[in-house]
Amino acid sequence: MDIVYKTTMLTQGGRSGQVQSEDGGFKLKLAVPTEMGGPGGAPNPEQLFAAAFAACFEHSVRHIARADKLPLRGCYAEATLSMYVTFEGAYRMALSLTLFMAGTLDQPTADNLVERARGICPYADAVKNNMTLNVKAVLDTPVAA
């Protein structure tokens with residue numbers, strides 16, 4: 001296998017610290033969310049994970065649609081990440097992704113597109129059998145005038 005892309009991120013200070021790319025092109029302060037006893041007011045690792053996952057999954061949907069010449073005019077993803085504590089005290093996450101699609105797709109085609117994206121998205125593969133992942137397609141139908 002050939003490496004397609006490689007990156008290095010640096011962190012300091014944990015959830016209340018900062019993250020940055022090795023080249024300095026990306027730098028962000030983090031804050032513990034208020035729901036977890038922190039001050040909030042800045043992104044947290046879960047938000048970054050949900051955003052990255054959604055962006056990658058949406059790209060997978062668009063890639064398959066383009067390759068298959070499907071009539072997808074637009075697409076955006078909404079990611080809802082939940083963190084919970086198990087009875088054993090371990091932290092776990094669940095992610096729900098909703099892909100909103102515009103175009104002349106029917107629901108079975110949109111559903112198939114989302115399932116196929118699950119098969120090629122590296123984030124979906126990385127969490128397979130490790131995290132609850134729910135995905136669904138919603139057709140964005142234009143309002144009749």
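**Notes on the sheet and its surroundings**

1. The model, which is predicted, contains an open sheet of 3 strands in the order S4-S5-S6, and the pairing is mixed. The edge positions belong to strand S4 (72-85) and strand S6 (132-139); each has a single partner strand, so one side of each is left without a neighbour in the sheet. On average, neighbouring strands of this sheet are turned by 15 degrees against each other, direction ignored.

2. The pairing of S4 with strand S5 (residues 91-103) is antiparallel and runs over 13 bridges. Within it, Ala77 stands opposite Leu99 in S5.

3. Two helices should be read together with the sheet. Helix H1 (residues 45-67) packs on the sheet and touches S4, S5 and S6. The direction of H1 makes about 150 degrees with that of S4. Helix H2 (residues 107-120) also packs on the sheet, where it touches S5 and S6. For H2, the angle of about 150 degrees is taken against the direction of S6.

4. Is Glu58 buried or exposed? This residue of helix H1 has a relative accessibility of 17%, and it counts as buried because the cut-off for that class is under 20%. Leaving aside residues up to four places away in sequence, Glu58 touches Cys75, Tyr76, Ala77 and Leu99. Two of these contacts, Ala77 and Leu99, are the residues that stand opposite each other in the pairing of point 2.

5. How many aromatic pairs does a search of the whole structure find? The search finds 4. One of them joins Phe49 and Tyr123, with 6.3 Å centre to centre and 55 degrees between the planes. This pair is classed as tilted, because only planes over 60 degrees apart count as edge-to-face.

6. Which parts does this pair tie together? Phe49 lies in helix H1 and Tyr123 in helix H3 (residues 122-127), so the pair links parts that are 74 residues apart in sequence.

7. Phe49 is partly exposed at a relative accessible area of 23%, and Tyr123 is partly exposed at 30%. The two residues also belong to one aromatic cluster, formed by Phe49, Phe53 and Tyr123.

Technical notes: Residues numbered from 1 in each chain as written. Predicted model: local features only at pLDDT ≥ 70, side-chain atom pairs only at ≥ 80, totals over all residues. Heavy atoms only, no water. Pairing = 2+ DSSP bridges. Helix = DSSP H or I, 4+ residues; strand = E, 2+ residues; numbered from the N terminus. Axes fitted to C-alpha atoms, helices over the stretch in contact; angles between N-to-C directions. Contact = heavy atoms within 4.5 Å. Buried < 20%, exposed > 50% of the residue type's maximum accessible area, 1.4 Å probe, protein only. Phe/Tyr/Trp six-rings, centres within 6.5 Å; stacked < 30°, edge-to-face > 60°.
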